[in-house]
Amino acid sequence: GKRVVKLPEVRRVPFRSPDCGSATAPGDSPQAIGVGATDKSNELPEFSSSGPTVVRERVKPDVVAPGRGILSAWSSSDTSYQYLTGTSMACPNVAGVVAILLSSVPRNGNSPTFDQIKQYLQEEAGRNLTLSADREDCGGRSNSNGVFPNNAVGYGKVNAFRSMSAVRQANGNSGGGVGVGLGPINFSIRK
């Protein structure tokens, strides 16, 4: 039979300002994986909002992903592409990782729950990020390099391979190949 999987909500933390406490709906919900952005140097760009959330002062974003200079489909034609920037570019990266996590479970395994997916993303996140001095302390929580989770990058930069390996190991498939290729992808775009 077919497996029906309820997909987790992956929401961008919309940009209000880089100031502490600027993380708002929809990405500030505890039922959403809130996503901030990084640039190619693993630095937090000025357009990625910071926590804590206004309500209940939760740590947000949960994770960050590449969000500056992302090659994306563009609306001018069916074959147009454009380099775009924003948390709206980072969020699809995390949604793609969530899809990989859900598809990496063998047919006889159990699909991970929302809480498990969020946990895998957070625990396996990369923490080699550079934070600027203006975001070092938000909501009484140090955002200094090396302190996680924090209100600038949450648990860190999403790591698809490590997260997927954790899902597979939890389902008793820790040996051999991982099942989904995550190496470099070569492609060309025709104009």
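1. Helix 2 passes helix 3 in a right-handed crossing; a crossing is right-handed if the near helix is turned clockwise from the far one by less than a right angle, and left-handed if anticlockwise. Helices are DSSP runs of H or I with at least four residues, strands are E runs of at least two, and both are numbered from the N terminus.

2. This is a predicted model, in which local features need pLDDT of at least 70 and side-chain atom pairs count only at pLDDT 80 or more, while totals for chains, interfaces and linings use all residues. Residues are numbered from 1 along each chain as its sequence is written, and side-chain values use heavy atoms, with hydrogens and water left out.

3. Helix 2 (residues 114–123) and helix 3 (residues 160–170) pack at about 130°, with axes 8 Å apart. Tyr120, Leu121 and Glu123 of helix 2 meet Arg162, Ser163, Ala166, Val167 and Ala170 of helix 3, contact being heavy atoms within 4.5 Å.

4. Helix 1 (residues 87–103) has 17 residues and should span 24 Å at 1.5 Å a residue, which agrees with its end C-alpha atoms being 24 Å apart; the expected span is 1.5 Å times one less than the number of residues.

5. A cis peptide bond joins alanine 25 and proline 26, with omega about 5°; proline 26 lies in the loop between strand 1 (9–12) and strand 2 (32–38). The bond from glycine 51 to proline 52 is also cis, with omega near 5°, and proline 52 is in the loop between strand 2 and strand 3 (63–66).

Methods: Axes are lines fitted to C-alpha atoms, for helices over the stretch in contact, and angles run from 0 to 180 degrees between N-to-C directions.
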